[in-house]
Amino acid sequence: MTEPASARTSTPSAHRVIDTPEGLAEASAQLSQGHGPVAVDVERAAGFLCSDRASLMPVFRRDGGLHLVDPPAGGDLSALQDEIGSEEWVLHAASQDLPSLREAQLVPPRIFDTELASRLLGRERVGLGAVVEDVLGITLAKAHSAADWSTRPLPDAWLEYAALDVLHLIDVRDALVAELAEQGKTRIAEEEFQAVLDRPARPPREDPWRRLSGLHTVRGRRSLAVARELWQAREEYAQEVDTSPGRLLPDRAIVAAVIADPASKSALAALKEFTGRASRSQLDRWWAAFERGRAETQLPVERVPGDGPPPPRAWADRNPEADARLKGARAAVDEIATALSMPVENLLTPDLLRRVAWTPPEVVDAESIGSALRALGARSWQVDETAQAIADAFVVAAQPPVETPEDAS
């Protein structure tokens, strides 16, 4: 039986923070002497800082040691990339960590995602702690997952937590590799991991201010213009002070102020719902945003049409043929997901199914459905598993209802 990674790693190394170029060079050299995949994690100060940059990067490799890399203090991380850049990197929920890694100029050539693998294997609990416990029987405390990782110096308890996040990842990876092979899902996992790695960065949202929580309660284009200006003012100040926007001025405070429509700066200051760390210290800034919004001549539209089909609840009235296609195909895809023991959203993203049901190809067969799904971003294995069933469901949905004797009478 393979010795657990924790038994091969001394306690002191789990608490070593790499915060100098010399320390990074030494740690990178040690990692290069290890063997097998490299476990990597990213700790971020989400909810505290304006950006999602990495605040600490735990890295572990068998016989290469466990190292806690401090990106802000460590500076150039090219030495680390040079030493481990040709190896498989093991991450948990890789799509969350890859943007931060790339921002630090760390790019894996290939990955193994223990969370995604767990989903494909049909596990109901896929958080890191749950997966480690299910696979290895080891319980991890998650007390510091929401901590402010930009804190310096980092408490020893936090460092231990960060170390444990990678210490068991490779053992988990090995066990999941075997399970994937047993279930015949090795190729599926490889395609999914590559898709995560190849996924381009999301383009900036056209109107990001529309994501304000509670904005649906704001009425009128002029009020929306004020909300937009307040959101923009908050974003600019958040960048200046590198603080999460919501800590400076919560969404609910912006919405409450817009709805209250204060007549003066003092009235805004007197609004008890206008809360937040910077609600009063930056009052001039917020009032200036109010005035800009009220003077704006290019008012935002109240509703922005989406780029996809309408919500399925409206299909029966607006497009009954598409509604029939979707219902039939959804049932078929659900059946396949059950047979494969995986969540239906991993088998085929619901949005892809909705799009192809709303606008099907002219010729409905497995080949044309597969081409449509690929054009929308489906992976080859997803097409192989679902295209024929979807085509069959569409054909059945297009058939006229069978007349029963009761109908004839």
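What share of the 409 residues of the chain counts as buried? In this predicted model, the figure is 44%. The chain holds 22 helices and 7 strands. Its C-alpha atoms fill a box of roughly 85 × 70 × 35 Å along the principal axes. The accessible surface comes to about 20700 Å², and carbon and sulfur atoms contribute 50% of it. Among contacts with a separation of 6 or more, 66% join residues 24 or more positions apart.

Confidence was examined next. The mean pLDDT is 93, and 94% of the residues reach 70 or more. Residues 5-14 fall below 50, and this stretch has 17 contacts in the model beyond near neighbours in sequence. Where pLDDT is low, predicted coordinates should not be read in detail.

The largest nonpolar core has 82 residues. Within this core, Leu 101, Leu 373 and Ile 390 touch the most other members. Leaving aside residues up to four places away in sequence, Leu 373 touches Leu 348, Leu 352, Val 356, Ala 378, Val 383, Thr 386 and Ile 390. Another core, of 28 residues, lies apart from the largest one and includes Ala 233, Leu 283, Trp 287 and Ala 289. In soluble globular proteins, nonpolar side chains tend to be buried together.

Leu 373 belongs to helix α20, which spans residues 366-376. Ser 368, Ile 369 and Gly 370 are buried in this helix, as is Leu 373. The buried residues of α20 pack against α19 (350-358) and α21 (380-398). Just after α20 comes Gly 377, with a positive phi of about 115°.

Helix α13 covers residues 251-260. Its buried residues are Ala 253, Ile 254, Val 255, Ala 256, Ala 257 and Val 258. They pack against three helices: α11 (221-241), α14 (265-270) and α15 (283-295). Asp 261 follows α13 and has a positive phi, near 50°.

Backbone geometry was then inspected in the loops. Most residues other than glycine have a negative phi, and most peptide bonds are trans. The bond from Arg 152 to Pro 153 is cis, with omega near -5°. Pro 153 sits in the loop between α7 (128-136) and α8 (156-167). Gln 105 is not a glycine, yet its phi is positive, about 65°. This residue lies in the loop between α5 (94-103) and β7 (110-113). Gln 105 counts as exposed because its relative accessibility, 60%, is over 50%. Ser 341 also takes a positive phi, near 55°. Its loop runs between α17 (320-340) and α18 (344-347). At 40% relative accessibility, Ser 341 is partly exposed.

Ala 79 is found in helix α4 (residues 78-84). Its relative accessible area is 28%, so Ala 79 is partly exposed. Ala 201 lies in the loop between α10 (186-198) and α11. With 71% relative accessibility, Ala 201 counts as exposed. Its C-alpha atom is 9.9 Å from that of Leu 98, 103 residues away along the chain.

Technical notes
Residues numbered from 1 in each chain as written. Predicted model: local features only at pLDDT ≥ 70, side-chain atom pairs only at ≥ 80, totals over all residues. Heavy atoms only, no water. Helix = DSSP H or I, 4+ residues; strand = E, 2+ residues; numbered from the N terminus. Buried < 20%, exposed > 50% of the residue type's maximum accessible area, 1.4 Å probe, protein only. Contact = heavy atoms within 4.5 Å. Areas by Shrake-Rupley, 256 points an atom, 1.4 Å probe, with all protein chains shown as cover. pLDDT = per-residue confidence, 0-100. Core = buried A, V, L, I, M, F, W, Y, C linked by side-chain atoms within 4.5 Å.
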